[in-house]
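Me: I have a model open and would like to learn how to read its features one at a time. Could you walk me through it?

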Amino acid sequence: MPDIPAPAVGRRSLHRLTGIFIGLLALAACRTQAPLPLTPEEQGWIASNKGLLTVLLQDNRPPFTFRNEEKKVDGLFVDYLHDMEKHLGLKLPILSFDRWDKLLAHAEKNRHVIILTVSRTKSRSDSLLVTAPVVKVPYAVVTRKTSQATGIPEFAGKTLCTTEPLALRTALDRFHPHVIPTGVETATRGLYAVSSGTCDAMVINSMEASYLIEDLGLTNLHIADRTRFLNRLALATSGDNPMLFGILEKAVDSISLRRHQELYRRWVSPGGAWLPDTLLISIEVIVGIVISVIFLLWAWTSSLRQQVGRQTKKLRDSRENLRITLDSMGDGVITADTTGVVTRLNPAAEALTGWSLSEAEGRPMAEVFPLRTIHTDRPQSLPDFTDPALRGHLNITTEATLVSRNEAPCRICYNMAPIRDEKGHVTGAVIIFNDITDKSKAEEEVLRMKKLESLGILAGGIAHDFNNLLTGLYGNLSMAKMALPEDHEAFACLASAEESMEAAIALTGQFLTFAKHEAPVRKIIPVGKALADAATFATHGLNTRLETAIDEDLWPVAADKGQLNQIMGNLIINAHQAMATGGVITLTAKNAREPSGRFIRITVKDTGTGIPPEHLDKIFDPYFTTKTTGSGLGLATTHAIVTKHGGTIKVDSEQGVGTVFTVDFPAADALPAEPPEDRPKPRTDECAKGAHVLILDDQAVIRKILETILLKMGIEPTFTVEGEETVRTYRQRLEAGTPFDAVILDLTIPGGMGGREASEKILAMDPGARIIISSGYASDPIMSRYEEFGIKAIAVKPYRFSDFQEILLGVLQNGE
């Protein structure tokens, strides 16, 4: 055996030991290159979809993804991709793009894509599944070396460019809201803009900045500051491909820390001096010892890592299921810790409060979720989470008004309950709430309609009795005037009393219209001319100017023309009273299509004082008025008429500007009937002389008035007070061969047979009977559709002598 110097022997032994250590290191490294622990489902998915997978990247983002001098894609993330391909046993095709929006457009059309270098933002999270960050690099501020500015706050009002304005905007909004970044297409263009002075500075990923400044030779630029904001770059897949996302997460997790450091040195810190041999040998020995210890611990930690991996997957799946559940809920969800600080919002809560999760997180609950009481509109505080006495009593359900960030109020129903850990300790609270604004408005409208219905029934009953009284008064006044010459001193008093009686009749007319069951007598009419005529008549003699904008091609409507005139009169008078010194009333009418059908939209606008907000929900209530004169029934009557026509009415008002009433009438399908060309025959009282008329009415004063009127017309009246008596009397005359020429029946007879039943019995025995129905008010449809029941005419109390005479003569002469 040859002699070998001692130093050589020692060096040879060291090399052997180093070889052993390197072998151990290679063995340990083999574990990092082992196939991924994929489930059978994931392996099957890769086998069936590997031909569809594509990698998407931007080819202008050095050192992450770019094209090298040979025009091949290269960079830090491309190296990561090659490592993952080895783990997955795949070779994936790459599609490169020069702009991010083009890349996203392709990703939206293809599910089986892997996207490199993705920064997570809220909008991207809506369509992409983004892994944990692969690289976390601080943003840097790049300026010209001659610039004195360093930090971001110094660039308020200056041009601060960036390639990621959306991702950076989220961070700046919280810490530097006065600084607004400007977007540029690529980092290269941005750095050239700073170098030439077009931009004052650029906020850019510090790795990208270091690489490009050196690569582009921009010697007049430098990194002035590294910010507190991190650019977290990750990988992503399509939002509807969770299987690929799970595989991608495992591939990212498989990259070792050592591999991260190697790639970082390659792309960000290349070069470096070689170490001396003796120092290198010492380092190898130390590394070998460390690797030996690691190798001995590897077997013990292997099973532990598997257990941790399984638990981590369960935790990840649980968190993902919770996120999907919360984001899918239609109700808003807010969680807070025991200090009342917001920790989470779901998308529904973001929409209702006006706060995004990133903005609300860490803020007090009272700021993000401000409540006011419904009836008093005072601030409503939430329970104090720091009070131990209340933590067991947080399960509360109530209603309140939520004021969103943009000051828009909405009525909500919310439930607040404690969040407890596994030991039962309260760690916070969760609030679940939903918008019940439309529901509460609907309930209030139902309550309003019930109140109106009750008042309407009461009003109808009062109007019926009142009209019976007015018939006697009005009839006697008319008779008295007819008995006196016009120059008699009492004639003027009687005329004045008759005018007062006209006002009383108009008031009962409002009662009748307001009453729930007073059905309008509808006819197909051209609404444009009717509106113009009614508005012109209503504004006659007022100190206001009427302006109209009525479309010529309005659809027809089925409406009671008299009640339509009443609507216009009430709205015009209301507008006039709001403009004490005069003004302009604007009437518009146009066709409108809504999901519920076709409508004629009518608006009446004034330039008056406006309606106070606290009165807006009361203006359609009966008897509500702020004026010193008036009955308070005008708008209530208008509301009732519109509702009975199947329409809607709403009001918008601003104090000091004016008020707009909007009425929607359902359009009719049919066209308005053409007016008859033949004029009606002139009616004379010759046909009345000697006629016999049977009258049913339970009011003595009305029987007296009718007797006077009929006798003056030369008619012989026969009176009855109850329906059975009326039918008997008619049968007797019919059997005797001398039937009555006409029958006048009061529709409502308290405690006995009324006019409808009596008319049915009379028509049954004599289909040719000429019947007139008389009433001051009735809910019976016979009043609005009398012809369908075989009735010749109706006479509405109180009677004017001329009107009653015209109705009776028409029936006697023409049988109509």
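Reply: Gladly; let us begin with one aspartate. D746 sits in strand β29, residues 742–746, where helices (H or I, at least four residues) and strands (E, at least two) are DSSP runs numbered from the N terminus. Keep in mind that this is a predicted model, in which local features need pLDDT of at least 70, side-chain atom pairs count only at pLDDT 80 or more, and totals for chains, interfaces and linings use all residues. Residues are numbered from 1 along each chain as its sequence is written, and side-chain values use heavy atoms, with hydrogens and water left out.

Me: What does UniProt place at D746?

Reply: An unreviewed UniProt entry gives the feature "modified residue: 4-aspartylphosphate" at D746. UniProt positions are in the numbering used here, feature names are shortened, and annotations may be inferred rather than shown by experiment.

Me: Is D746 buried or exposed, and which residues does D746 touch?

Reply: Buried means under 20% relative accessible area, exposed over 50%, and partly exposed in between (1.4 Å probe, protein chains only). D746 has 1% relative accessibility, so D746 counts as buried. For touching, contact means heavy atoms within 4.5 Å. Not counting residues up to four places away in sequence, D746 touches L696, D697, D698, G754, G755, S774, S775 and K797.

Me: How do I read a sheet?

Reply: Start with pairing: two strands pair if DSSP finds at least two bridges between them.

Me: How many bridges join β25 to β26?

Reply: Seven bridges join these antiparallel strands, with β26 spanning residues 658–666. T648 stands opposite D664 in β26, and V651 has F661 as its bridge partner there. Three residues lie between the strands of this hairpin, where G656 takes a positive phi near 85 degrees.

Me: Which residues touch the most other members of the largest nonpolar core?

Reply: A nonpolar core is a set of buried Ala, Val, Leu, Ile, Met, Phe, Trp, Tyr and Cys residues joined through side-chain atoms within 4.5 Å. The largest has 36 residues, and L531, I600, I602, F661 and F665 touch the most other members. Elements that give two or more residues to this core are α17, β22 (557–559), α18 (561–577), β23, β24, α19, β25 and β26. Apart from this core lies another, of 34 residues, among them L38, V78, L88 and L263. Back at F661, contacts beyond four places in sequence include L571, I602, I619, F620, L635 and V651.

Me: How many disulfides are there?

Reply: A disulfide is a pair of cysteine sulfur atoms within 2.5 Å, and by this rule the count comes to zero. C161 is in no disulfide, and its nearest cysteine sulfur, that of C199, is 3.6 Å away. C161 is buried, with a relative accessible area of 0%.

Me: Where is T54 found, and how many residues separate T54 from P93 in sequence?

Reply: T54 is in strand β1, residues 54–58, and counts as buried at 17% relative accessibility. T54 and P93 are 39 residues apart in sequence, yet 5.3 Å apart in space, C-alpha to C-alpha. Leaving aside neighbours within four places in sequence, T54 is in contact with P93, L95, H112, V113 and I114.

Me: Which strands form the open sheet of three?

Reply: That sheet has the order β2-β3-β4, with antiparallel pairing. Two bridges join β2 to β3 (residues 65–67), and R61 stands opposite T65 in β3.
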